[in-house]
Every structure is written in structure tokens, then in C-alpha cells.
Amino acid sequence: MEKPVVLLAEELSPATVDALGPDFEIRQTDGADRSKLLSAIAEVDAILVRSATQVDAEAIAAARKLKVIARAGVGLDNVDIKAATQAGVMVVNAPTSNIISAAELTVGHILSLARHIPQASGALKGGEWKRSKYSGIELYEKKVGIIGLGRIGALVAARLQGFGTDILAYDPYVTSARAAQLGVQLVTLDELLAESDFVTIHMPKTPETVGMLGASAFQKMKSSAYVVNVARGGLVDEEALYNALKEGQIAGAGVDVFVKEPSTDLPFFELDNVVVTPHLGASTAEAQEKAGISVAKSVRLALAGELVPDAVNVAGGVIAPEVRPGIPLIEKLGRIFTALTHDSLTQIEVEVAGEIASLDVKALELAALKGVFTDVVSEQVSYVNAPVLAEQRGINTRLVTTESSEEYRNVLTIRGALSDGSQISVAGTLTGPKQIQKLVGVNGYDLEIPISEHLLVILYQDRPGVIGTLGRVLGERGINIAGMQVARSKEGGQALSLLTVDSSVPQDALESLKDAIGASVAREVDLQD
């Protein structure tokens with residue numbers, strides 16, 4: 001069996017290759033060389049890049065087998081996420097790999113500004129001993145304003161508290177309870193700007209945050225205050241920053257990120273009260289190794305058909321531990337659901353009932369759709385393209401949650417409307433300490449049977465002797481019944497038999513079984529991985 005091919009388009013740590021393991025064929029190319037990239041990407045299953053490789057629509061179109069684009073870092077400016085999603089290609093990154101490095105660099109910039117470390121070093125190396133010129137200030141009892149109290153902002157706050165600073169924070173999405181937990185004081189943006197001795201920004205780059213620290217913000221700050229940006233280029237208006245520094249509206253700035261990169265000749269680079277670094281936020285050995293290992297693990301999951309928490313083009317973020325066991329269950333329910341369909345689908349509803357309904361369960365909807373389409377389309381179905389497949393077929397999908405579940409702690413149900421006006425449904429749950437997967441409902445029939453690799457679904461008119469006939473027909477073919485449950489609407493009405501068997505049932509055996517009992521449906525659902 002051929003191994004999946006993983007292309008390393010840039011230099012990655014040996015730990016990244018080790019994390020991929022021996023199950024893949026590893027190839028390498030220079031992703032910055034366009035012709036080499038387009039040639040190398042044609043027959044690979046996954047590509048790992050950093051920032052130098054442009055994985056755009058052209059590259060994605062050239063990659064006939066591509067399933068995963070992995071960016072060993074945080075930013076994804078070099079990946080066309082829309083084109084990847086349309087092609088059913090998962091895009092993953094390493095969103096937490098650099099948070100410690102970025103937080104530490106922020107503190108480094110603050111210390112450099114407070115004590116003029118780069119300028120003093122440059123002067124001394126140039127033969128000048130100027131102790132009085134580079135007299136600085138202590139951080140002790142100074143006020144540091146943090147704009148954006150996410151993962152990096154929180155780490156900055158924790159590290160600065162060791163210096164005895166007072167931390168002010170502005171973040172409209174953080175509660176006062178969370179701020180108290182972090183030991184910071186929530187204030188308005190205007191209050192933060194007016195009171196802080198140092199202002200550091202840690203916001204995502206959006207239309208609302210571009211230029212967030214601009215001319216009006218600098219006018220509200222102390223003339224002795226410093227600004228630091230190691231987050232995203234453009235959050236600080238570069239022209240306004242130059243004017244504020246030149247006119248003495250603020251005391252100085254530390255900048256690691258820029259609107260256009262690389263940048264080597266911006267006007268404020270000439271000013272002595274500015275410390276600049278060439279986008280070093282993630283440039284530590286530890287961050288690079290974490291990023292490589294993180295995306296390698298994601299590639300392994302993706303190529304194994306698993307849901308990947310760090311996939312950026314899959315709805316839903318980190319999957320709660322309580323939700324994870326339901327993913328393989330509802331994917332199997334999706335395949336059982338498909339086996340019951342006899343006409344084209346017009347609508348699919350995924351219902352999550354019980355204790356986990358209060359959590360983020362979007363992943364369960366994706367897993368259900370993946371299961372529904374796995375056995376009906378020729379292309380590989382992933383958690384990325386399953387919603388696209390539904391949309392292309394005009395199938396409306398929706399996720400419903402309710403914390404009410406009478407018989408089980410949690411029940412997962414897939415319901416569907418068919419073009420002939422009929423409806424189908426399957427429901428399942430996990431029971432016991434071992435979280436055994438069980439089917440607990442089919443088309444309104446209540447039952448409870450463990451889900452196995454080979455499952456027979458049979459619909460027929462209830463009458464005596466049917467069960468014996470089923471056993472005889474399967475026994476003649478050497479097929480052993482492992483478990484069976486029968487449900488019916490009423491005596492003599494429509495009956496449903498679910499059988500788990502030890503081996504696959506040939507199609508001609510299914511036809512014989514169907515004819516022998518006059519079944520309207522006799523199908524096998526093969527749930528082998």
C-alpha cells in the first residue's frame with residue numbers, strides 16, 4: 001500500500017519529521033521557487049509551509065491529490081483559504097505555538113524602551129560612553145495598558161506583574177471575573193490611553209482594528225508614554241506614529257510588525273526613540289519546533305480522516321473532551337442514515353440532546369455530514385468539503401440542540417427529508433464507562449443495539465416466521481448473527497430488524513433474504529474503517 005506523500009516546502013525542524021512518523025513518504029522542495037513548487041505539489045497529499053511559500057489558487061489547482069495545507073506558524077496570509085475550501089482541502093496552522101515567544105518579545109521591547117538598551121549598546125560599540133544620555137525608568141509601579149486580553153495579552157500581563165506594575169486592560173469580550181482572575185483592571189480604551197505609561201496592543205487584524213492606534217489615540221496618551229506592537233502590522237498607523245514620535249506626543253515605540261514586510265526604510269526607523277525588530281515574534285527555537293510538531297500532528301489526523309481542532313476552514317474551534325467521543329458515533333450514524341435513503345435528500349437536521357448540548361457541538365454536524373456523503377460520492381469526503389457537498393446538492397442543513405434527554409445522558413440524531421416527501425431518521429448514544437456506541441432509534445422505532453462493523457437493516461411486514469427465515473438464509477451462507485433487535489409500529493404492521501453480523505453479506509445474499517421475507521428494504525451498512 002502506497003504511503004501518503006507529505007511535501008516540506010520550507011526548512012522545518014527534525015522534530016517535525018519525527019512527529020509525522022514513518023507512515024508517510026517525505027519529499028522536499030523550495031517553495032519560494034514557483035516552478036519547483038507547482039511541479040512538486042502535483043502528486044502530494046499534504047504540504048507543510050512557513051511564510052515564504054505562496055499556496056494560492058494556482059498551486060491548489062495544480063495539486064490533484066492535495067488534502068491538507070499546513071502552515072507551521074500562526075499567520076495565513078500566504079494561503080488562499082477560500083480556494084482551498086472550494087477544493088475540499090483542509091488548512092491548518094499552529095495558533096498557540098508562538099504565544100510565549102510573542103509575550104516575551106513584548107516584555108523585551110518594554111524593557112528596551114524603559115532602559116534604552118539597543119541605543120546604549122550601539123553607542124558603546126561605536127566608541128561612546130554615554131551613561132547620562134541613556135538614563136531610563138523602572139517598570140516598578142508603572143501602569144501598563146494591554147489592548148486585547150487574549151492568550152498573548154494574558155501572558156504579557158502575567159509576566160509584567162513580576163515587575164510590580166499595575167496592569168490596565170481594554171477588551172470588550174473579557175468579563176470582569178476573568179480580568180480579576182488575571183489580576184488586571186478593565187477600563188475603557190480612552191482611560192487606558194490616558195493613564196498608561198506603556199501601551200501594548202494584542203488584537204487580531206480586522207477592518208475595525210486596522211489603525212486602532214492612530215493620531216487620535218496618540219493625542220490622548222501621556223507625552224512620557226511608550227507604544228509597543230508585536231501583534232500585527234497595521235494595528236498602529238505608521239505615518240501617525242512617525243508624526244507622534246517626531247512631535248514628542250509620545251516618548252517612544254517598540255515595533256516588530258509592519259504593514260508591508262520586509263520593511264527596512266520606514267521614516268520612524270531614523271528616530272533614536274524607536275526600537276524595531278524584523279518580525280521576531282515567533283522566531284525562537286522553541287516556537288518553531290512547537291509549530292512544526294503541532295501541524296505535523298494535524299496532518300496525521302487529517303490524512304487519517306479525523307477532525308482537526310486547528311483546521312481554520314472548518315467551523316468550530318477546539319473540541320470539548322465531552323464532545324469528542326460523539327464524533328465517530330455520529331459519523332457512523334450518517335452512514336447508516338445514507339443506507340436508509342431511497343430518494344434524493346432535500347434537508348438534513350442534526351440534533352444533539354442531553355448534557356453536551358450546552359457545549360460547542362458544531363463538530364458533530366460536520367461529522368454527521370461526512371458520514372452521510374462517505375458512501376455516495378466518488379471523491380474523498382472530509383470535514384472541510386462535506387458542507388460544500390451538501391450545498392452543491394441543494395441540501396439544507398441545520399444543527400439543533402436541546403438539553404432535554406429522557407432516556408440517555410446524550411442522544412445524537414440525524415433526520416432527513418426526501419424529495420418524495422418521506423422522512424428518515426437514525427439516533428445513537430454512548431453508554432457505560434467504555435462509551436459503547438449504540439443505535440437507539442431508526443425511523444421512529446425505539447431499540448438499543450451496539451453498532452458493529454457489519455450492520456443489516458431490514459424493513460418488512462410483521463408476521464410469524466420471519467426471524468427464523470432470516471437466520472436460515474444467513475446461516476446457509478455461513479454468516480453468523482452476533483446480535484439482533486426487532487421493533488414494530490404495531491402487531492402486523494411495519495417491522496424493523498437490525499442485525500449485527502460477523503462478516504460482510506454479499507449482495508446476492510441480501511437479494512435472497514429480501515425475496516424470502518418480502519422485505520421492502522434489506523441493506524448492509526459496512527462500517528469498517
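Surface patches are made of residues with over 30% relative accessible area and no salt bridge, like charges being joined within 9 Å and nonpolar side chains (Val, Leu, Ile, Met, Phe, Trp, Tyr) within 5 Å. A salt bridge is a side-chain nitrogen of Lys or Arg within 4 Å of a carboxyl oxygen of Asp or Glu, and accessible areas come from the Shrake-Rupley method with a 1.4 Å probe, only the protein chains shown counting as cover for residues. The model is predicted, local features needing pLDDT of at least 70 and side-chain atom pairs pLDDT 80 or more, whereas totals for chains, interfaces and linings use all residues. Residues are numbered from 1 along each chain as its sequence is written, and side-chain values use heavy atoms, without hydrogens and water.

Ile467, Met484 and Val486 make a nonpolar surface patch of about 220 Å². Met484 belongs to strand E20 (residues 481-488); helices (H or I, at least four residues) and strands (E, at least two) are DSSP runs numbered from the N terminus. Met484 is classed as partly exposed because its relative accessibility is 30%, the classes being buried (under 20%), exposed (over 50%) and partly exposed in between, with a 1.4 Å probe and protein chains only.

The largest pocket holds about 1400 Å³ of space. Its lining comprises 47 residues, with Val74, Gly75, Ala231, Arg232 and His279 nearest the centre. Helices H5 (99-115), H7 (151-161) and H12 (285-303) each contribute at least two residues to the lining of the largest pocket. The second largest cavity, of about 30 Å³, is lined by residues including Asn229, Glu238 and Phe258.

Backbone geometry is described next. Most residues other than glycine have a negative phi, and most peptide bonds are trans. The peptide bond from Glu261 to Pro262 is cis, with omega near 0 degrees, and Pro262 lies in the loop between strand E11 (252-255) and strand E12 (274-276). His116, in the loop between H5 and helix H6 (117-125), has a positive phi near 55 degrees; His116 counts as buried because its relative accessibility is 19%. Gln435 also has a positive phi, of about 50 degrees, and is placed in the loop between strand E16 (423-431) and strand E17 (436-442). At 37% relative accessibility, Gln435 is partly exposed.

Key: 1 Å grid on protein atoms, 1.4 Å probe; cavity = no way out; pocket = protein on both sides within 12 Å on 5 of 7 lines; lining within 4 Å. Points joined across faces, edges and corners; volume = space filled by probe spheres on them.
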